[in-house]
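Here's a quick tour of how one protein chain packs its side chains together. Have the 3D view ready and click along as you read.

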Amino acid sequence: ALLELFGFKHHDDHNGERRYVKRLVPTEDELRTLSPLDLHVTFGPPALRIVDGQTFITPIQPRFHRSLFPDAPGEQMSLIAPQPHGNALRKAYLSHASVRSAEPGATILFYRSGDLRAATAVGVLEESLVSTDSDEILEFVGSRTVYSAEEVERMAADGSVLAFLFRQDRFLEPPITLAELMSARAVSRAPQTTIRINPEGLPWLTERLDA
């Protein structure tokens with residue numbers, strides 16, 4: 001089940017063992033017909049389809065970035081045992097963003113605010129939830145978030161929480177700086193919350209991500 005969750009298919013049985021395979025290169029027909037999420041699951045990571053209206057950028061503070069993406073280039077690997085959310089490809093991120101139109105397969109750029117001011121990682125959305133019920137949120141995200149139960153409770157008390165469950169697609173090397181994003185008109189300013197990438201910047205971003 002775990003293998004199939006990441007796009008492996010049962011190929012055959014050999015000497016009493018089940019053999020699973022995963023193709024890495026889609027056909028032209030698959031590129032046209034598979035949904036963005038199915039494309040990523042089947043052939044990634046990395047595998048993206050950039051879609052107008054379904055490409056977002058969300059800011060993440062350095063301390064949460066270190067926890068959610070501990071193996072990102074430039075991060076100092078902690079000697080402490082890695083947490084489930086950092087040691088997995090399927091993660092969660094919570095915010096008070098007002099976005100309500102993100103669909104499964106949406107592309108999410110994670111913008112490290114504060115020190116770096118650059119997009120460092122890309123995720124593919126699995127599903128989302130909007131709720132003010134901390135128990136519902138915690139059940140939805142499980143161990144995939146950087147936030148503790150107490151932090152989730154405080155967030156829910158402050159208003160509706162947007163929870164993204166996403167699959168880590170890739171790290172950006174080098175990161176895409178705010179200056180680059182603005183020059184390409186992908187954004188008009190540093191993101192303060194989850195926002196949609198400007199349509200005029202999508203061709204540049206698609207080429208930049210080789211997607």
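Let's start with a helix. The face of H5 turned away from its buried side carries Asp135 and Glu139, both exposed. Keep in mind that this is a predicted model.

- H5 covers residues 134-141, and its buried residues are Ser134, Ile137 and Val141.
- Looking down the axis of H5, you'd find these buried residues within an arc of 60°, so they line one face of the helix.
- Here's the general rule to remember: an α-helix has 3.6 residues a turn, so residues three or four places apart point the same way.
- What do the buried residues of H5 pack against? Their partners are strand S4 (90-95), strand S6 (118-131), helix H6 (149-157) and strand S7 (161-177).
- After H5 comes Gly142, which has a positive phi, near 55°.

**Aromatic rings**

- How many aromatic pairs does the structure hold? There are seven.
- One of them joins Tyr93 and Phe110: this pair is edge-to-face, with 6.0 Å from centre to centre and 90° between the planes.
- Tyr93 sits in strand S4 and Phe110 in strand S5 (residues 107-112), so to speak distant parts of the chain, 17 residues apart, are linked by this pair.
- Tyr93 is buried, because its relative accessible area is 7% and the cut-off for buried is under 20%.
- Phe110 counts as buried too, at 0% relative accessibility.
- Phe110 also pairs with Phe166: the ring centres are 4.8 Å apart and the planes are at 40°, so this pair is tilted.
- Since Phe110 is in strand S5 and Phe166 in strand S7, the pair ties together parts that are 56 residues apart in sequence.
- Phe166 has 0% relative accessibility, so it counts as buried.
- Zoom out a bit, and ring pairs link Phe64, Phe69, Tyr93, Phe110, Tyr147, Phe166 and Phe171 into a cluster.

**Charges over rings**

- Lys22 lies over the face of Phe8, 5.7 Å from the ring centre.
- Arg167 lies over the face of Phe6, 5.2 Å from the ring centre.

**The nonpolar cores**

- In soluble globular proteins, nonpolar side chains tend to be buried together.
- The largest nonpolar core here has 31 residues, and Phe69, Leu94, Phe110 and Tyr147 touch the most other members.
- At least two residues of this core come from each of S3, helix H4 (62-68), S4, S5, S6, H5, H6 and S7.
- Which element gives the most to this core? That's S7, with six residues.
- Beyond its neighbours within four places in sequence, Leu94 has contacts that include Ile137, Val141, Tyr147 and Leu162.
- There's also a second, separate core of 21 residues, with Leu109, Tyr111, Leu181 and Ala186 among them.

**Gln54, a buried residue in a loop**

- Where is Gln54? Look in the loop between helix H3 (36-43) and strand S3 (55-60).
- Is Gln54 buried or exposed? At 12% relative accessibility, Gln54 counts as buried.
- A polar atom of the Gln54 side chain lies 2.7 Å from the backbone nitrogen of Glu103.
- Apart from neighbours within four places in sequence, Gln54 is in contact with Ser101, Ala102, Glu103, Ala106 and Thr107.
- Gln54 and Arg196 are 142 residues apart in sequence, yet 7.2 Å apart in space, C-alpha to C-alpha.

Technical notes:
Residues numbered from 1 in each chain as written. Predicted model: local features only at pLDDT ≥ 70, side-chain atom pairs only at ≥ 80, totals over all residues. Heavy atoms only, no water. Helix = DSSP H or I, 4+ residues; strand = E, 2+ residues; numbered from the N terminus. Buried < 20%, exposed > 50% of the residue type's maximum accessible area, 1.4 Å probe, protein only. Contact = heavy atoms within 4.5 Å. Polar contact = N/O pair within 3.5 Å; in protein donor to acceptor, adjacent residues only side chain to side chain. Arc of directions from axis to C-beta. Phe/Tyr/Trp six-rings, centres within 6.5 Å; stacked < 30°, edge-to-face > 60°. Lys NZ or Arg CZ within 6 Å of the ring centre and 35° of its normal. Core = buried A, V, L, I, M, F, W, Y, C linked by side-chain atoms within 4.5 Å.
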